[in-house]
Amino acid sequence: MTRVELERVLTLNRVWQPITTVVVKQALTLVFRGRARVVCPESYQMFDWANWLREKAVPGDAHVIEHDYIRTAHLQVRKPEVITLAKFAGYPNTGVPYSRRGVYERDNGQCQYCGIFVHKRAMTIDHVQPVSRGGATSWANCVLACQRCNHGKGDRTPVEAGLTLAQTPVQPTRDQLILSGVNKQDSWKPFLNDKHVKVKA
Ligand SMILES: [Zn+2]
């Protein structure tokens, strides 16, 4: 997939509460199947698939085409920024399941040992308590680390390796993942209620 296809799209439930983010390709699939509609962040207008295709007018600026449009074999579809699910009106009450992407989002793309920004493609997950010594693959035992820190730490605990964690890893809330600095886009602002969630600058 291209870089644009992997960008995140804010996903609202039917009553426009933010519930998660999905990649562009997944968002377009949901709209194509009639399970979601695209929301225009400026006009709040909603578009089903047919209407969204009508919106695909391609501006003359090649730069814009490159960054805001998804190329398929026959079409150029504009990248949605926000979608709303057609049926689901509640709020997911399950805990956020562990995932590598989730760790990346929770840790804001920063190595939890040295603090440098780590590109998604170069990310590694460090088991604070090493797997070889019984450490679990879980929110509480996994952190984002750069390759240098992770290799340097090896099969040791942070104390043994002389490393300090930026923060104690815990299971994040959905809001924290949605509002992660590595995802958040300006166009999402009208749909997010930031008041209760602290966002790292
Ligand atoms: Zn590091």
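How many helices and how many strands are there in the chain? There are seven helices and nine strands, where helices (H or I, at least four residues) and strands (E, at least two) are DSSP runs numbered from the N terminus. The model is predicted, so that local features need pLDDT of at least 70 and side-chain atom pairs count only at pLDDT 80 or more, while totals for chains, interfaces and linings use all residues. Residues are numbered from 1 along each chain as its sequence is written, and side-chain values use heavy atoms, with hydrogens and water left out.

View 1. For four tetrahedral donors the ideal angle at a metal is 109.5 degrees. Cys 114 is partly exposed, with a relative accessible area of 40%, whereas Cys 146 counts as buried at 7% relative accessibility.

**View 2. Asn 13 and its surroundings.** Asn 13 is placed in the loop between strand S1 (8-12) and strand S2 (18-23), and at 0% relative accessibility it counts as buried. Its side chain reaches the backbone oxygen of Ala 89 at 3.3 Å, a polar contact being a pair of N or O atoms within 3.5 Å, of which, within protein, one must be able to donate a hydrogen and the other to accept it, while residues adjacent in sequence count only if both atoms are side-chain atoms. Not counting residues up to four places away in sequence, Asn 13 touches Ile 19, Thr 84, Leu 85, Phe 88, Ala 89 and Gly 90.

**View 3. The aromatic pair of Tyr 98 and Trp 139.** The structure holds six aromatic pairs; rings of Phe, Tyr and Trp (its six-membered ring) pair if their centres lie within 6.5 Å, and planes under 30 degrees apart count as stacked, over 60 as edge-to-face and the rest as tilted. In one of these pairs, the ring centres of Tyr 98 and Trp 139 are 5.5 Å apart and the planes stand at 65°, so the pair is edge-to-face. The pair links distant parts of the chain, 41 residues apart, with Tyr 98 in the loop between strand S7 (82-85) and H4 and Trp 139 in the loop between S8 and S9. Tyr 98 counts as partly exposed at 28% relative accessibility, whereas Trp 139 is buried, with a relative accessible area of 7%.

**View 4. The ring cluster of Trp 16, Tyr 44 and Phe 191.** Ring pairs link these three residues into a cluster. Trp 16 lies in the loop between S1 and S2, is partly exposed at 28% relative accessibility, and has a positive phi of about 65° although it is not a glycine. Tyr 44 is found in the loop between strand S3 (36-39) and strand S4 (46-47), and is likewise partly exposed, at 43% relative accessibility. Leaving aside neighbours within four places in sequence, Tyr 44 is in contact with Trp 16, Val 39, Pro 190 and Phe 191.

**View 5. Helix H1 and the residue just after it.** In helix H1 (residues 24-32), the buried residues are Val 24, Ala 27, Leu 28, Leu 30 and Val 31. Seen down the axis of H1, these buried residues fall within an arc of 160°, so they line one face of the helix; the arc is that of the directions from the helix axis to the C-beta atoms. Just after H1, Gly 34 takes a positive phi of about 80°.

Methods
Buried means under 20% relative accessible area, exposed over 50%, partly exposed in between (1.4 Å probe, protein chains only). Contact means heavy atoms within 4.5 Å.
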